[in-house]
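Here is a short tour of one protein model, written for someone new to reading structures. Keep the 3D view open as you go.

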Amino acid sequence: MENSSNRVKDSLAFELCKMYGLDQGVRESSGFQGKWNFIFSVDSLNFDRAMTFIKKYGYPTESLVGSDNYKIECVSSSFFAILLHNPHRIVNEREHYKTLLNEVHEKRLSPSEFANIIDKYYWIKRGNNKRVLVGSDFGKPCLETKEETNQIRKEIGLPLLQDSEFINCPEKM
């Protein structure tokens with residue numbers, strides 16, 4: 001019985017590594033005509049594969065793939081990298097947002113990682129001047145968005161921010 005369980009964990013870990021390899025491989029390859037269009041296609045494909053995986057097995061955790069497998073970068077980092085490359089799909093497609101929010105509530109995805117994914121969307125958004133909404137490794141949110149910021153932080157299980165933890169942003173996002 002134990003052997004069968006290990007095979008399943010190894011198989012799931014291998015799937016994660018394949019996705020991570022594709023995600024990182026296209027970025028590290030030498031330039032070729034249409035590289036960015038290819039990267040966007042790979043990102044979209046990987047995102048769809050990741051969301052299907054999450055709906056079937058949950059967000060990858062050490063208990064899902066085994067502790068030895070989880071120590072391997074391509075296993076533990078795959079979905080976070082894939083989701084960081086597709087933040088627009090999470091912010092703009094409610095079904096995906098709800099799926100990941102559920103993973104946070106099930107304690108398979110950390111609130112801080114989810115905040116980073118959401119903030120990446122706002123940080124790279126054209127004309128947004130690298131502003132963020134939630135407050136994460138990407139930076140502090142604007143005081144002008146305090147109500148919305150704290151609403152999202154509460155929803156994903158992060159502590160609410162005090163006024164001193166915001167920055168003043170003269171223009172709206």
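## How α8 meets α10

Helices α8 and α10 are oblique to each other, because their angle is about 55 degrees. For that label, angles under 35 degrees count as roughly parallel, over 145 as roughly antiparallel, 65 to 115 as roughly perpendicular, and the rest as oblique. The axes of α8 and α10 sit 9 Å apart. An axis here is a line fitted to C-alpha atoms, for helices over the stretch in contact, and angles run from 0 to 180 degrees between N-to-C directions.

Who does the touching? On the α8 side you'll find Arg94, Tyr97, Leu101, Val104 and His105, and on the α10 side Ile152, Glu155 and Ile156. Contact means heavy atoms within 4.5 Å. Sorted by class, the residues where α8 meets α10 come out as 5 nonpolar, 1 polar and 2 charged. The classes work like this: Ala, Val, Leu, Ile, Met, Phe, Trp, Tyr, Cys and Pro are nonpolar, Asp, Glu, Lys and Arg are charged, and the others, Gly among them, are polar.

This is a predicted model, so local features need pLDDT of at least 70 and side-chain atom pairs count only at pLDDT 80 or more, while totals for chains, interfaces and linings use all residues. Residues are numbered from 1 along each chain as its sequence is written, and side-chain values use heavy atoms, with hydrogens and water left out.

## How α8 meets α9

Now look at α8 (residues 94-105) next to α9 (residues 111-124): their axes come within 9 Å and cross at roughly 155 degrees. α8 and α9 are therefore roughly antiparallel. Their crossing is left-handed, meaning that the near helix is turned anticlockwise from the far one by less than a right angle (clockwise would be right-handed).

In this pairing, Tyr97, Leu100, Leu101 and Val104 of α8 meet Pro111, Phe114 and Ile118 of α9. The contact of α8 with α9 has 7 nonpolar residues, with no polar and no charged ones.

Is Asn150 buried or exposed? Asn150, which is found in helix α10 (residues 146-156), is buried, with a relative accessible area of 11%. Buried means under 20% relative accessible area, exposed over 50%, and partly exposed in between (1.4 Å probe, protein chains only). Leaving aside residues up to four places away in sequence, Asn150 touches Leu160, Leu161 and Phe166.

## Two loop residues with positive phi

Most residues other than glycine have a negative phi. Lys107, in the loop between α8 and α9, has a positive phi near 65 degrees. Lys107 counts as exposed, at 73% relative accessibility.

Asn129 also isn't a glycine, and its phi is positive too, at about 55 degrees. You'll find Asn129 in the loop between α9 and α10, and it is exposed, with a relative accessible area of 56%.

## The whole protein

Time to zoom out. The protein has 10 helices and 0 strands; these are DSSP runs numbered from the N terminus, with helices (H or I) of at least four residues and strands (E) of at least two. The C-alpha atoms fill a box of roughly 60 × 45 × 25 Å along the principal axes.

Of its 173 residues, 43% count as buried. Among contacts with a separation of 6 or more, 58% come from residues 24 or more positions apart.
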